[in-house]
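Hi,

Here is the structure I promised to pass on. Have a look at it first, and my notes follow below.

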Amino acid sequence: MLCKNMTRLFLLLLSVMGFSVAAYAGADEEPVFENMQKRDSVLIGDQIRYGFRTTVEDGSTLEVAELPAVEGVEIISGFSLDTLKARRGRVEIEGSVVLTSFDSGAFVLPPYEVTVRRPDGMPDTLRFNPETLKVTTFPIDTATFVKHDIKGQITYPVTFMEVLPWLGGAVALGLCAWLIVWLANRKRKGVSVYREPAHITALKKLDSYRGKKYWEPSKQKIFYTGVTDAVREYIAARYGISAMEMTTSDIFKDLEKQMQDKALCSDLKVLFERADFVKFAKYVASEQENATAVPVAVKFVNETYQQEIEDAALGPSGDAGQKSEGKEE
């Protein structure tokens, strides 16, 4: 079905089936029309270009009267009007449209008018007779015609290039997983191999607090917190006591049960109680008290570590009494 706004273009171009000029008005030289397409029939579904060439006076315009559409005929490519060449005040113009039909039969094209308006305003009105466009179907030889089943979808073998991206992705994913596991194992081994003994870690931290730079009242809280935290970590590693989360009284309640040297435990307890006063009661320790803080902590770490070595040398069934008798002898 033709669109109504394309009707007059359609009929103008279908006029190539034959032009019969009925009248001209006041022209010194009549326009000349030439068919571009000589066929009067097409096969169903064929595309055919219908149009005309005309030579008019330079500056002239073409106007086409609006006509009804033709049922069964469709426009594939819309109307186009091109200037081919100009010479000696005359212009050659070509107009065409691509048509087709998907219904067989004869289609009568209604008459239409083309007006050539000259530069001086004088019109030349061209009236074209109706023409018939025949659309035929493909001839079928019923004597030899054989029906065939509809063919199924064509399948193609999978190529290596199609599998390659998936293979590459799988390899990359496997490498990433292996790298993560390898790094995790390496980190775990590194921690187990290079982890230093608890007494060494504690002595290093205590050594950083030697000197008088932390003895000022404004720095004493940092000083006593650092010293006691180093010892708390050592107690947790040496005796299995959760010293970092416990109060001073709770720590020494459990610590006194495991230590034989009560005097050493008592000196450390005095240090922790003083640290609590400094941290929570705004107590200002004296220089003498500050000077003894680190040595007391270092003494506790060294002597308890030495005691651990002696206990390990005796073994699980060792006799401490025999060891003391050997010393007396």
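Which residues of the largest nonpolar core touch the most other members? They are Ile235, Leu255, Leu268 and Phe300, in a core of 33 residues. A nonpolar core here is a set of buried Ala, Val, Leu, Ile, Met, Phe, Trp, Tyr and Cys residues joined through side-chain atoms within 4.5 Å. Buried means under 20% relative accessible area, exposed over 50%, and partly exposed in between (1.4 Å probe, protein chains only).

Before going further, please keep in mind that this is a predicted model, where local features need pLDDT of at least 70, side-chain atom pairs count only at pLDDT 80 or more, and totals for chains, interfaces and linings use all residues. Residues are numbered from 1 along each chain as its sequence is written, and side-chain values use heavy atoms, with hydrogens and water left out.

Back to that core: helices H3 (198-207), H4 (220-239), H5 (248-258), H6 (262-280) and H7 (287-314) each give two or more residues to it, and H4 has the largest share with eight. Helices (H or I, at least four residues) and strands (E, at least two) are DSSP runs, numbered from the N terminus. Leaving aside neighbours within four places in sequence, Phe300 is in contact (heavy atoms within 4.5 Å) with Val231, Tyr234, Ile235, Tyr239, Leu255, Met259, Leu264 and Leu268. A second, separate core has nine residues, among them Val42, Val73, Leu99 and Val135.

Among contacts between residues at least 6 apart in sequence, 67% join residues at least 24 apart.

Arg88, in the loop between strands E5 (74-87) and E6 (90-100), has a positive phi near 55° without being a glycine. Lys282, in the loop between H6 and H7, also has a positive phi, of about 55°, and is not a glycine. Most residues other than glycine have a negative phi. Arg88 is exposed, with a relative accessible area of 82%, and Lys282 is exposed at 76%.

Best wishes
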